[in-house]
Amino acid sequence: MTPSSETPGTRPQPSDSRSRSRPRDTARTSRPFTPAAGRFAPTGLYDPVAALIRERLWRGLLAMHVAPRPAEVIVDVGCGTGSQALLLHRVEPAARVIGIDPDHRVLTVARRKARVAGAAVDWRQGMGDELVDVLGAGSADRAVSSLVLHQCPLPMKRAILASLHTVLRPSGRLVLADYGLQRTRLMRTAFRVVQLADGRADTQPNADGILPSLMTEAGFDQVREVEVVSTVTGSISVYVARRAGG
């Protein structure tokens, strides 16, 4: 999902679980974005489709590399229906998890899932390049994003990564799970399904392996591709990086 102004803010203040679980649509936007399930599929199909692309495996790997700790602020950008944010909450209930997405429809699903699970996740509406407005600069210890950047035009990929860099504290960790370099003919062929759903112009840079260089360009260091998971729609890579300083 694609997320532009930069107004320094303050660190999100802790609150009790009741206030954290209330809807907080901090930033509303009418700008266009690609929905979670792509340009043609309804939102209700997102979770069933995600289950077909080894979601439990790569989400688990992403959570492992996040390694959340108590009292940390973890932001999930483009959180969709909340699967990753809820997993991070289960891994470390004492961490503060904030899920951000521009689509109020998927946030409705995420809130419903959180209520069923009894999970106190802070859901907010906003675009990925608006994180400073939504959260404040230097407000997060860790940031994650999954299956977002491949749906974005190249300028927006850069804008989201720059926003992630700004919202992280020095030495903060970024963990991304997304379609990366498609190394084999089989994976490139499988990835055509994603390109049909999300458009070739936005997805091809990912397939060409551009994400590590964009992360470095945004100011991150220690950028590494730490996992590659083959799926029926191409390979999904997990990338880890750090905001310098601290």
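Arg 224 stands opposite Val 240 in strand S7. This is a predicted model, in which local features need pLDDT of at least 70, side-chain atom pairs count only at pLDDT 80 or more, and totals for chains, interfaces and linings use all residues. Residues are numbered from 1 along each chain as its sequence is written, and side-chain values use heavy atoms, with hydrogens and water left out. Helices (H or I, at least four residues) and strands (E, at least two) are DSSP runs, numbered from the N terminus.

**The sheet**

- Seven strands make up an open sheet with mixed pairing. Their order is S3-S2-S1-S4-S5-S7-S6.
- Two strands count as paired if DSSP finds at least two bridges between them.
- Strand S3 (122–125) and strand S6 (220–231) are the edge strands, and each pairs on one side only.
- From one strand to the next, the twist averages 15 degrees. Axes here are lines fitted to C-alpha atoms, for helices over the stretch in contact; angles run from 0 to 180 degrees between N-to-C directions.
- S6 and S7 run antiparallel and are joined by nine bridges. They form a hairpin, with two residues between them.
- Strand S4 (residues 140–146) pairs with S5 in the parallel sense, over six bridges. Val 144 stands opposite Val 175 in S5.
- Helix H7 packs on the sheet. It touches strand S1 (73–77), S4, S5, S6 and strand S7 (234–243). The direction of H7 makes about 145 degrees with that of S5.

**Helix H10 and its cover**

- Helix H10 spans residues 200–207. Its buried residues are Asp 202, Thr 203, Pro 205, Asn 206 and Ala 207.
- Buried means under 20% relative accessible area, exposed means over 50%, and partly exposed lies in between (1.4 Å probe, protein chains only).
- The cover over these buried residues includes helix H7 (154–167), strand S5 (168–179), helix H9 (192–198) and helix H11 (211–217). Contact means heavy atoms within 4.5 Å.
- Gly 209 follows H10 and has a positive phi, near 85 degrees.

**Salt bridges**

- The count comes to nine salt bridges. Each is a side-chain nitrogen of Lys or Arg within 4 Å of a carboxyl oxygen of Asp or Glu.
- Asp 122 and Arg 124 meet through their side chains in one of them, at 2.9 Å from N to O. Both Asp 122 and Arg 124 are buried.
- A network of salt bridges links Arg 96, Asp 122 and Arg 124.
- Glu 217 forms a salt bridge with Arg 158, and the closest N and O atoms are 2.6 Å apart. This pair links distant parts of the chain: Glu 217 is in helix H11, Arg 158 is in helix H7, and they are 59 residues apart. Arg 158 counts as partly exposed because its relative accessibility is 35%.
- Asp 221 and Arg 242 also meet in a salt bridge, at 3.1 Å from N to O. Asp 221 lies in strand S6 and Arg 242 in strand S7, 21 residues apart.
- Asp 221 has 24% relative accessibility, so it counts as partly exposed. Arg 242 is partly exposed, with a relative accessibility of 24%.

**Aromatic pair**

- The count comes to one aromatic pair. Rings of Phe, Tyr and Trp (its six-membered ring) pair if their centres lie within 6.5 Å; planes under 30 degrees apart count as stacked, over 60 as edge-to-face and the rest as tilted.
- Tyr 179 and Phe 191 form the tilted pair, with 5.3 Å centre to centre and 55 degrees between the planes.
- The pair links distant parts of the chain, 12 residues apart. Tyr 179 is in strand S5, and Phe 191 is in the loop between helix H8 (185–190) and H9.
- Both Tyr 179 and Phe 191 are buried.

**Cysteines and a buried valine**

- The count comes to zero disulfides. A disulfide is a pair of cysteine sulfur atoms within 2.5 Å.
- Cys 79 is buried, at 7% relative accessible area. Cys 152 is buried too, at 0%.
- Val 106 lies in helix H5 (residues 104–117). Val 106 is buried because its relative accessible area is 0%.
- Val 106 and Thr 81 are 25 residues apart along the chain, and 4.9 Å separates their C-alpha atoms.
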